[in-house]
Amino acid sequence: MGLFDRHAGLLDVYRDVRTTGADPFQIRMERVLSPTEAIINGKKCLTVGTNNYFGLTFDPSCMQAAIDAILAEGTGTTGSRIANGSYSEHVALEEEIAAFYGKKHCMVFTTGYQANLGVISTLVGPEDFLLIDADSHASIYDACKQTQAEVVRFKHNDPGSLDARLRRLKERDEGDKPGNRLVVLEGIYSMLGDSAPLKEFIEVCKKYGAYVLVDEAHSLGALGENGRGLCEAAGVLDDCHFIVGTFSKTLGAIGGYCVSNDPDFDILRVTVRAYMFTASLPPSIVASVRQALRVVKARPELRKQLWDNVATLYDGLAAQGFKLGPEHGPVVGVHLPDRMIAIGFWRAMLDAGIYVNVAVPPATPNGVSLLRCSLCAVHTREQLEHMIEVMTGIGRQMGVLAPKLRAAG
Amino acid sequence: MAEICTQLDAFRSDDAQVIRGATVISKDLSIDSLAVMDMIMELEDRFDVSIPMNTVAEIHTVDELADTILKLAARR
C-alpha cells in the first residue's frame, strides 16, 4: 500500500475533471490587471470569483501604505510575536480593530484560517462542548479535530436544531458540573452566500448559557451600518462573545483576527499554538490592512455599490431561470445538476472570458455542484450584464436552462 | 435496529447492498464522510440523542451505530 493509495478515489475524480481540458484547481492568473480583470490563458478575463468585495487590492492609498512600510521596516518579521516581539504596527492594528467593534481586546493572526483554527480549538477543552453549523468552513472543522472538547453538529441555519442539541446536553449533565458550550456561526456562508438567523441563534444560546463565536470572514464590510458584519446588522454585537474575521477579502490582503470583551482574553497569546508558532504578518500587510480599514470606515458607498451589484447579478440570473442560493449575498452560488456539468460550464465561461470559482463535493454542502461567483463593489453594470448574457447562452446550450421561448405573435 | 436500517436506507447509494447489522457504513453504503455526518444528524433527532463527532469516528458498522444510540438513549 503506497502513501497515495488512500487518495485513489479522489485521483479518479480529479482525472475526470481534467478531461474537460482545464484544471479549475490549478488556474494560472498570468497577470492580474485590476480587482475585476486578469489575463488567463493569454486572454483578458472578467474576474467574478476573487472575494475582493470592495476592490481594495488596487486602492492607491492601501498600495502606498504597503510600499512605505516596506521601505521603513523591511519585507518580513522573520518570526513569531512570542519569540521575536511585536512591531508597533501589529499592536496599533489590534487596537484599531478592537475599537472598530467597540470591544476591549483583539488578537491578529497570520491568516483567517489560523484565527479560526487556533481560537476555536483552544477556547474549549476536555469536558466542554463545541457546537458547529453543518455547513461550517473547513477551518472550523479542522479546529474540531484539534480540540479535546466533544463536537456536536447542528443543521445549517436552524436555531431549532441547535436548541435540541443544547437541551440534550443539559439533560445529560443534570446534577454534574456542566462543561462550557461554545456555538460557532458564520456571518455569511462562503458557498451559497446565505446569512445565519443570528438573532434567533443568540436567543437559543442565551437560554442555555452558551458562548457565541461568529466568523465574519465574508461579511466584514458587506453587512451592518458600519460594515462590522452580521453581528452589527442583527443588532447583537454585545451578545457575541468572540468575533473572528479575515483581512484577505474586503480588506484586500491576508491575515485574521479575533475580538472579545473577555478580561482574560490575552491569555490566548500564550496558549493558541496557531498564533505562537508561526511568523507574524509582515509590515507591508499590516500597513495596507490598517489603511483598508480606514477606507471601509470612510467610504460606505462601497457597501452600497457592492449590494447594487449583488442585485444586478442575482436578479439577472434568477430571471433567466438559474437556480441560486437562498438569498442575496456578496457570494452568488449557481446550482448545477452535477460535477461534470459544473466543470464544463466553468470551462465554457473561461473560454468566453469570465472567471468564476467552481465548487464541487466534498467542498460543498449536501453534495451540490456550484459555480461560485463573488462580487466586487467596482464591477460595472455592463460587466455584470455581459456575464448574465454569456451564462444564459451557455446555460441554454448545455441544456441547464430551458430553450428560449419565441414571443407569441 | 429496524428503525435505524430504514433511516439509513434513504442515504444508501443505488448500487449498494441491503443493509444489515454488519454493514460497514461508509464502505458498503458508498457514501462519503459528509453524508455520514448528515445521516447521523437525522438519527440524532429521530432518537433524541447527541452523538459527538469524536464518537462517530469510532463507529464503523450499523451494529456499532445502534449500540451507541442505545447507550446514549439509556443515559437520559
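Which residues have the most contacts inside the largest nonpolar core? In this predicted model, local features need pLDDT of at least 70 and side-chain atom pairs count only at pLDDT 80 or more, while totals for chains, interfaces and linings use all residues. Residues are numbered from 1 along each chain as its sequence is written, and chains are lettered from A in the order in which they are written, with ligands numbered from 1.

The answer is A:Leu130, A:Tyr257 and A:Leu371, in a core of 124 residues. A nonpolar core here is a set of buried Ala, Val, Leu, Ile, Met, Phe, Trp, Tyr and Cys residues joined through C-beta atoms within 7 Å; buried residues have 20 or more other C-beta atoms within 10 Å of their own, with C-beta atoms placed from the backbone. Helix α11 of chain A (residues 283-298) supplies the largest share of this core, 7 residues; helices (H or I, at least four residues) and strands (E, at least two) are DSSP runs, numbered from the N terminus. At least three core residues come from each of domain 1 (24-58 + 300-397) and domain 2 (77-281) of chain A, with bounds from an automatic or database domain assignment.

Now to the two domains themselves. Their centres, taken over C-alpha atoms, are 28 Å apart. In all, 21 residues of domain 1 of chain A are in contact with 18 residues of domain 2 of chain A, contact meaning C-beta atoms, placed from the backbone, within 7 Å. On the domain 1 side, α12 (301-319), β11 (331-336) and β14 (369-374) of chain A each give two or more residues, and β11(A) gives the most, with 3 residues.

Technical notes:
Contact = placed C-beta atoms within 7 Å. Buried ≥ 20, exposed ≤ 12 C-beta atoms within 10 Å, placed from the backbone.
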